[in-house]
Amino acid sequence: MYRVILMDDRERLARLEEHFFGNDANFPVVKECCEAEQGFVFEENNSIKAYLIYKRNVKVKNKIIDFYIVSVGVLEGWQGKGIGVKLIEMLGSGSILLHVKKNNQTAIHVYKKLGFIAIGQANNFFYKDDGLLFLRAKL
C-alpha cells in the first residue's frame, strides 16, 4: 500500500535511513519531513519497504524547485518492481531536483528513464569520499 508519511513513521524511517546511508543519515530532515507529511511510503504487512521524503518549493540559484527529493530508499528484495518509480510519480507534476551518489548506477539508470538529466556534481558535499550527481526533471 502506498500512502503519505505520518509522524508515527519517524522512528521506522530513521532506521531505514540509517540502513541505507549509515553515518550519513539525515535524521533531523527525516523528522522534519514526517512532521510536514512531505513524503510517501510503500508498506506491506505494516512494514515499510520503501520511502521517499521531499521538501517543497526549495530555492536553488534564484529558482524555485517544486520538489527537492531529500531521500529515497527501496529495500533489497523490493527493488526492480517499480516501487521507487511510483513513489516519484506520486509527487505529481512540477520541477524535481535530487542528488544521488555517482557510484549508484542502478538509481541513476532509473532516474534517467524518468527523464532526469544531470545538472552538476560535487565531492564531499553530503557524503564523505563519495561524489554526488545532481539531477533535475520536469514531470
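Helices (H or I, at least four residues) and strands (E, at least two) are DSSP runs, numbered from the N terminus. This is a predicted model, in which local features need pLDDT of at least 70 and side-chain atom pairs count only at pLDDT 80 or more, while totals for chains, interfaces and linings use all residues. Residues are numbered from 1 along each chain as its sequence is written, and side-chain values use heavy atoms, with hydrogens and water left out.

Now the chain as a whole. It has four helices and seven strands. Starting at the N terminus, the order of elements is β-α-α-β-β-β-α-β-α-β-β. The chain has 139 residues, and 44% of them count as buried. Buried means under 20% relative accessible area, exposed over 50%, and partly exposed in between (1.4 Å probe, protein chains only).

Back to E35 and K31. The two form a salt bridge, with 3.8 Å between the closest N and O atoms. A salt bridge here is a side-chain nitrogen of Lys or Arg within 4 Å of a carboxyl oxygen of Asp or Glu. Side chains of opposite charge can pair when their charged atoms come close. K31 has a relative accessible area of 41%, so K31 is partly exposed. E35 is partly exposed too, because its value is 44%.

How many salt bridges does a search of the whole structure find? The search gives seven. E35 takes part in another one, with R10, where the closest N and O atoms are 3.9 Å apart. That pair links distant parts of the chain: E35 is in helix α2 (residues 27-35) and R10 in helix α1, 25 residues apart. R10 counts as partly exposed because its relative accessibility is 28%.

Helix α2 also carries E32. E32 forms a salt bridge with K55, and here the closest N and O atoms are 2.6 Å apart. This pair again links distant parts of the chain, E32 being in helix α2 and K55 in strand β3, 23 residues apart. Both ends are partly exposed: E32 has a relative accessible area of 38%, and K55 is at 23% relative accessibility. Elsewhere, salt bridges with shared partners join R3, D9, R12 and E43 into one network.

One more residue of helix α2 is V30. Is V30 buried or exposed? V30 counts as buried, because its relative accessibility is 2%. The C-alpha atoms of V30 and V70 are 8.6 Å from each other, although the two residues are 40 apart along the chain.

Next, the aromatic rings. Rings of Phe, Tyr and Trp (its six-membered ring) pair if their centres lie within 6.5 Å; planes under 30 degrees apart count as stacked, over 60 as edge-to-face and the rest as tilted. The count by this rule is six aromatic pairs. In one of them, F20 and Y51, the ring centres are 6.1 Å apart and the planes at 45°, so the pair is tilted. F20 sits in helix α1 (residues 10-21) and Y51 in strand β3 (residues 47-60), so that parts of the chain 31 residues apart are linked. F20 is partly exposed at 26% relative accessible area, whereas Y51 is buried at 1%.

Ring pairs also link Y2, F42 and W78 into a cluster. Over the ring of Y2 sits the charged end of K86, 5.9 Å from the ring centre. The rule for this asks for NZ of Lys or CZ of Arg within 6 Å of the ring centre and within 35 degrees of the ring normal.

In strand β5 (residues 95-101) we find H99. H99 counts as buried, because its relative accessibility is 12%. The side chains of H99 and Y68 are joined by a polar contact of 2.6 Å. A polar contact is a pair of N or O atoms within 3.5 Å; within protein, one must be able to donate a hydrogen and the other to accept it, and residues adjacent in sequence count only if both atoms are side-chain atoms.
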